[in-house]
Amino acid sequence: MTEAPRVKLVEAEFFERPVDFRFAFRFGAARVESAPQAFVRVRIEDERGRSATGWAGEMMMPKWFDKNPELSPGDNVEQLRRSLRLAYEGLRSLKADTPFGLHAAAEADHHWAAARHGLPALVASYGLALVDRAIIDALCRMNGVSAVAAVTGNLLGITDAAAPDLGGFDLARFLLQMTPLSTLAVRHTIGLADALSASELDPAQRLEDGLPQTLDEVIAAYGHRYFKIKVFGRPAEDAGRLVAIAAVLDRLVEDYRVTLDGNEQFESGEGVAELLDRIEKEPRLKRLRASVLFFEQPIARAEALSKPVTAIAERLPLEIDESDGDVASFLRARELGYAGISSKSCKGFYRSLINRARIEKWNVEAGSARYFMSAEDLTTQAGLGLQQDLVLAALVGAGHIERNGHHYVDGMGRAPVAEQAAYLAAHGDLYEDAAGRARLAIRNGDITFASVLRATGLGSAVEPDWASLAG
């Protein structure tokens with residue numbers, strides 16, 4: 001193993017690109033029709049005087065990081081901008097260290113500074129995660145390697161400094177043995193407002209863009225076998241909605257798997273238990289119930305980690321998502337009965353790797369595969385953000401991944417034609433050409449991205465068109 005180089009963050013620039021949705025999506029009680037995508041460009045220097053530039057991209061989704069109803073979508077986006085600025089200021093102030101060393105040295109202070117500005121933990125995580133990824137990209141480009149090589153060879157200098165509970169665990173060996181696969185099944189999210197069939201779609205809502213719009217059309221177009229179902233947090237209403245969804249899946253998909261997502265809509269575990277009771281008593285949900293893998297973040301984050309969920313978890317594995325505000329969140333959740341945690345680039349590249357190492361350690365100790373990690377993120381957009389998240393999902397061994405950015409946005413949206421053409425040329429296994437527009441290529445429910453895993457840098461051989469972005 002080559003010793004991890006020490007680098008310093010010299011400068012960072014922030015850009016944005018508007019992203020328009022084909023139709024609105026509901027995050028719990030909120031409807032979102034558009035949002036900006038953030039881009040970060042950093043420059044690092046190593047101790048030999050070498051310099052390199054790196055990039056990262058991520059959606060700035062309102063109404064997920066902070067669901068305070070008193071805040072507008074614009075307020076939410078401004079929170080994320082502030083988190084980015086705070087992360088840059090904290091990382092730039094540090095002396096040269098390994099990329100992970102910079103992260104570990106900055107993390108606690110960054111969360112403290114964010115809290116002083118009234119930013120919740122998830123918002124704080126966003127800024128550090130994005131600047132971290134740009135530094136990782138720059139380090140890889142400086143050394144002419146892929147992110148996969150940088151992780152497995154530990155050129156990032158990952159240690160247990162941020163997770164002392166991993167003391168004694170052979171982290172370097174764990175990273176070396178990671179074997180990312182270049183194909184993932186796409187788990188299609190069925191939103192709360194999504195039409196299930198053409199017959200229930202209002203003709204006035206029909207889009208003429210050649211893309212599927214209803215659940216049955218999505219299945220026909222992409223061949224999905226994995227699905228993520230959003231629930232309202234109202235057991236009777238949820239059970240009825242699940243019956244309607246099951247009717248479509250049972251008819252159109254020979255063998256399917258689903259996950260449930262509460263998006264914090266349940267105030268307590270009692271409501272979750274009631275929904276499970278209704279599902280188990282409904283004959284029309286027999287096949288769907290047998291296909292459920294886990295239930296993601298059913299309880300609101302204010303209560304989710306306040307009391308044990310053991311009784312519910314014995315019926316269906318539970319996963320935290322919004323409650324994953326910092327690197328210690330999974331430890332607290334495990335003590336209460338949760339077995340799973342989501343991997344999302346917007347929460348932290350290093351956090352996912354650390355939590356995946358914890359799962360490895362805990363499952364060996366338990367003698368079973370009790371603990372798990374899933375790959376999530378609804379709105380990740382084609383291009384830089386999508387590809388960086390795919391590298392992470394592949395590294396942590398996800399067999400399927402939630403992915404709906406292609407469903408809510410036509411191709412790469414407002415990205416310039418030349419930029420889209422560059423992605424088609426460099427990553428033709430991941431995208432297909434739709435009359436000059438680059439669209440995600442989903443075939444038989446799968447995406448393939450070998451070109452992403454072997455690209456120098458963190459997942460992308462294509463540099464964003466900076467001139468087309470707002471600074």
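Colleague: Is E47 buried or exposed?

Modeller: E47 is exposed, at 58% relative accessibility. The scale runs on relative accessible area: buried is under 20%, exposed is over 50%, and partly exposed is in between (1.4 Å probe, protein chains only). This is a predicted model, where local features need pLDDT of at least 70, side-chain atom pairs count only at pLDDT 80 or more, and totals for chains, interfaces and linings use all residues. Residues are numbered from 1 along each chain as its sequence is written, and side-chain values use heavy atoms, with hydrogens and water left out.

Colleague: With which residue does E47 form a salt bridge?

Modeller: The rule comes before the case. A salt bridge needs a side-chain nitrogen of Lys or Arg within 4 Å of a carboxyl oxygen of Asp or Glu. E47 pairs with R6, and their closest N and O atoms are 3.4 Å apart. R6 sits in the segment before β1 (7–27) and E47 in the loop between β2 (30–46) and β3 (51–59), so the bridge ties together parts that are 41 residues apart in sequence. Those labels come from DSSP runs, numbered from the N terminus: helices are H or I with at least four residues, strands are E with at least two. R6 is partly exposed, at 37%.

Colleague: How many salt bridges does the structure hold?

Modeller: It holds 45. Another of them joins E45 and R43, with 3.0 Å between the closest N and O atoms. E45 is partly exposed at 32%, and R43 is partly exposed at 24%.

Colleague: Are D261 and K228 buried or exposed?

Modeller: Both are buried. They also form a salt bridge, the closest N and O atoms being 3.5 Å apart. D261 belongs to strand β6 (residues 257–261) and K228 to strand β5 (residues 226–230), so this pair links parts 33 residues apart in sequence. Bridges that share partners make one network of R187, K228, K230, D261, E296, E376 and E402.

Colleague: In which helix is R351 found?

Modeller: R351 is in α13 (residues 349–366). R351 is buried, with a relative accessible area of 6%. Now look at what touches it. Contact means heavy atoms within 4.5 Å. Beyond its neighbours within four places in sequence, R351 is in contact with H111, S125, D324, G325, D326 and V327. With S125 there is also a side-chain polar contact of 2.7 Å. A polar contact is a pair of N or O atoms within 3.5 Å; within protein, one must be able to donate a hydrogen and the other to accept it, and residues adjacent in sequence count only if both atoms are side-chain atoms.

Colleague: What is L139 in contact with, leaving aside its neighbours within four places in sequence?

Modeller: The list is P5, V7, I44, P99, L155 and L156. L139 lies in helix α3 (residues 121–143). L139 is buried, at 0% relative accessible area. Its C-alpha atom is separated by 8.2 Å from that of T53, 86 residues apart along the chain.

Colleague: How much space lies in the largest pocket?

Modeller: Rolling a probe the size of a water molecule over the atoms shows where empty space is left. On a 1 Å grid over the protein atoms alone, a cavity is a set of points where a 1.4 Å probe fits but cannot get out; a pocket is an open set with protein on both sides within 12 Å along at least five of seven lines; lining residues have an atom within 4 Å of a point. Grid points are joined across faces, edges and corners, and a volume is the space filled by probe spheres set on the points. The largest pocket has about 450 Å³. Its lining counts 25 residues, with F174, M178, R356, E360 and V396 nearest the centre. α5 (171–176), α13, β10 (372–375) and α14 (384–395) are the elements giving two or more residues. α13 gives the most, with six.

Colleague: Which residues line the second largest pocket?

Modeller: They are R22, F23, A24, R31, A193, D194, A195, L201, Q205, L207 and Q213. The volume of this second largest pocket is about 240 Å³. β1 gives the most to its lining, with three residues. By class, six are nonpolar, two polar and three charged. Ala, Val, Leu, Ile, Met, Phe, Trp, Tyr, Cys and Pro count as nonpolar, Asp, Glu, Lys and Arg as charged, and the others, Gly among them, as polar.
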